[in-house]
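Here are my notes on this model. Please read them alongside the coordinates.

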Amino acid sequence: MLTLKNITKRFHKGSVNEVLALNDVNLDIRQGDFIAVIGSNGAGKSTTLNCIAGGFFPDQGSITLDGADITAWPEYKRARFIGRVFQDPLMGSAASLTIEENMALADRRGKPRGLSLGVKSKDRARYRELLSQIGLGLEDRLKDKVGLLSGGQRQSLTMIMATMVRPEILLLDEHTAALDPKTAAQVLELTQRIVDTHKLTTLMVTHNMNHALRQGNRLIMMHQGSVFLDIEGEQKERFSVEDLLERFYTLKGEEFSSDKMLLV
């Protein structure tokens, strides 16, 4: 459904700060895959998501979505097909707008715009129903400014907003990293429920190996801009954190450069 072929990306080309962020990345993502992406800092995880979303164009290689070459598509054009949740709960929603206004904007992603009421009665009823599924009481706070919400509430709202118009692919960039463990667990549970309900094709970047092993049907490990481990199904189910660490040592012959990789 989504294919990355020979994707290479350098930043600060020609300078002393040149960085090879993606090094000939090849990735085939099937319809319905829920892929956890792990790797040390600078491995290319978020860069891969940004490349898919259109945050920048690759120096070489191609990206195809449902058979269409989207390599040169701008970010706004890809946004019609891609839902995204960022690490920072402050991103993905507008603090100065109300909950229902934010949801109305998300509800119109990829649709023609016109001059009409931003939030209609039938919309409001639907928004209440969607928010009631979170279990945080936000369905009774539609008129509240989003800036008044806690990080967990805001991230849960962003999850709903990113999937109100069913995306072809959902990108989650360490979307629980800024949350406390209890709240992170709640957002992960909501994530799994939404992905399962809508049968969404999903890429989830995480530093937490246990999360990577528990979530989804497939796990990818990146290092220095390349994919060097891709497991799924029963093989993934048999893996433990210790297995992942041992595989890293075996393939690369070096220790992790970030203690965050050891989070459990």
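1. Helix 1 (residues 45–53) lies across strand 1, strand 2 and strand 4, at about 115° to strand 1. Helices (H or I, at least four residues) and strands (E, at least two) are DSSP runs, numbered from the N terminus. Axes are lines fitted to C-alpha atoms, for helices over the stretch in contact, and angles run from 0 to 180 degrees between N-to-C directions. Contact means heavy atoms within 4.5 Å.

2. The model is predicted: local features need pLDDT of at least 70, side-chain atom pairs count only at pLDDT 80 or more, and totals for chains, interfaces and linings use all residues. Residues are numbered from 1 along each chain as its sequence is written, and side-chain values use heavy atoms, with hydrogens and water left out.

3. Helix 1 is mostly covered, with seven of its nine residues buried (under 20% relative accessible area; exposed is over 50%, partly exposed in between; 1.4 Å probe, protein chains only). Among them are Leu 49, Cys 51 and Ile 52. Just after helix 1, Gly 54 has a positive phi of about 95°.

4. The open sheet has four strands, ordered 2-1-4-5, with antiparallel pairing. Strand 2 (19–29) and strand 5 (68–69) are at the edges with a single partner strand each, so one side of each lacks a neighbour in the sheet. Two strands pair if DSSP finds at least two bridges between them. Strand 1 (residues 2–11) and strand 4 (residues 60–65) share five bridges. Thr 3 stands opposite Thr 64 in strand 4.

5. Arg 247 sits in helix 9 (residues 241–252). Arg 247 is partly exposed, at 30% relative accessibility. Arg 247 touches Leu 229 and Phe 239, leaving aside residues up to four places away in sequence.
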